[in-house]
Amino acid sequence: MQRIAAALQCLQMSMPAIDLTLDVPLPIACAFFGIVGGIIGSFLNVVIHRVPREQSIVFPNSACPKCQTAIKPYDNIPVVSYLILRGRCRNCGVHISSRYPAVEALTAILFAAVTWHDGLSFALAFDLAFVAAMLALIFIDAEHMILPNVITYPGIPFALLTRLLVPYLVGPAHFDDLPQLLGAFPSLPVWAVSLIGAVIGALVGGGSLWLMGFLWEKLRGVEAMGLGDVKMMFMVGAFLGWRLTILTILLGAFTGSIAGILVMFRRGSRNMQMMLPFGIFLGIGSIVSLLFGSRIITWYASMFR
Ligand SMILES: [Zn+2]
């Protein structure tokens, strides 16, 4: 650890002007990463379809679900190809799910939004990877009601690595919880305080969800949720810090309740036992928190002054 810290300090000294002050206007950067988002969204479609089925995400190439014809590169342009082909396979004419262009468009919009939020900084790469992972989890949970370990497990060391590197590359102010924590631990190096923040966030996120599930099981004698949500929130908590993690859970519970009420009305069901995949709403909450969380918290706190 000492050596990593020394290396990081070296890195920081050797690259003083570390923020990428390229002369690229922000709207152009947003448009560029929006296009990158469309391509990543296309890859996420493969992940969303194949990971729950335990298939390889690199091989074979995408094919039509009905006639198995491999999709040509010129028919694989995000969103555009779907519109040109009017949602049908070029070979057999079978209808292709509108989820494919929806995921591509959503990823494009969110990548542009995160670029707007971060600017062209090193943190952008980490935040884009986080959002891509959340999108994969949201759509897999919606279809299969699982949050695969192959995404949540690597997500936890990824979050810790981000907490270790980004304060040196971009500055401590990038993390919502870090300026406050640095005040609480003035004698510790930034990397250590950042990791402490990650552990607190992970315990707040994963710990509180685990506790809720545990209590629910004790009270009702039924399993409330899988441990997938707990693992997901360990990752989210470490990445976002405790303040944005609490906001993520509140936003998740709020949007989840609204969706639950809507579903109950539509089905005319009074069955409160009905399962809603909570990972969807935690995922939405985490992305909203990343983009707007600090502002939402500041605004909320200002109402009590
Ligand atoms: Zn086909």
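Which pattern does the protein chain follow when read along the sequence? The pattern is α-α-α-α-α-α-α-α-α-α-α. The protein chain holds eleven helices and zero strands. Helices (H or I, at least four residues) and strands (E, at least two) are DSSP runs, numbered from the N terminus. The model is predicted: local features need pLDDT of at least 70, side-chain atom pairs count only at pLDDT 80 or more, and totals for chains, interfaces and linings use all residues. Residues are numbered from 1 along each chain as its sequence is written, and side-chain values use heavy atoms, with hydrogens and water left out.

The protein chain has 305 residues, of which 42% count as buried. Buried means under 20% relative accessible area, exposed over 50%, and partly exposed in between (1.4 Å probe, protein chains only). Among contacts with a separation of 6 or more, 70% come from residues 24 or more positions apart. Contact means heavy atoms within 4.5 Å.

Cys64 (SG), Cys67 (SG), Cys89 (SG) and Cys92 (SG) coordinate the zinc ion at 2.2 to 2.4 Å. Donors are N, O and S atoms within 2.8 Å of the metal (3.2 Å for Na, K and Ca); water is not among the atoms, so sites may look incomplete. The angles among the four donor atoms run from 106 to 115 degrees, and the site is tetrahedral. Four donors count as tetrahedral if all angles lie between 85 and 135 degrees. The donor residues are spaced C-x2-C-x21-C-x2-C in sequence. Cys67 and Cys89 link distant parts of the chain, 22 residues apart. Cys67 lies in the loop between helix H2 (26-50) and helix H3 (80-84), and Cys89 in the loop between H3 and helix H4 (99-118). Cys67 is partly exposed, with a relative accessible area of 27%. Cys89, at 13%, counts as buried.

Ser81 is found in helix H3. At 5% relative accessibility, Ser81 counts as buried. Ser81 touches Tyr74, Asp75 and Asn76, leaving aside residues up to four places away in sequence.

H4 packs against helix H5 (residues 122-144) at an angle of about 150 degrees, with the axes 10 Å apart. Axes are lines fitted to C-alpha atoms, for helices over the stretch in contact, and angles run from 0 to 180 degrees between N-to-C directions. H4 and H5 are therefore roughly antiparallel, a term for angles over 145 degrees. Residues that meet across this pair include Leu106 and Leu110 in H4, and Leu128 and Leu135 in H5.

Methods:
Four donors count as tetrahedral if all angles lie between 85 and 135 degrees; four count as square planar and six as octahedral if opposite donors are over 155 degrees apart and all others between 65 and 115; anything else is irregular. Angles under 35 degrees count as roughly parallel, over 145 as roughly antiparallel, 65 to 115 as roughly perpendicular and the rest as oblique.
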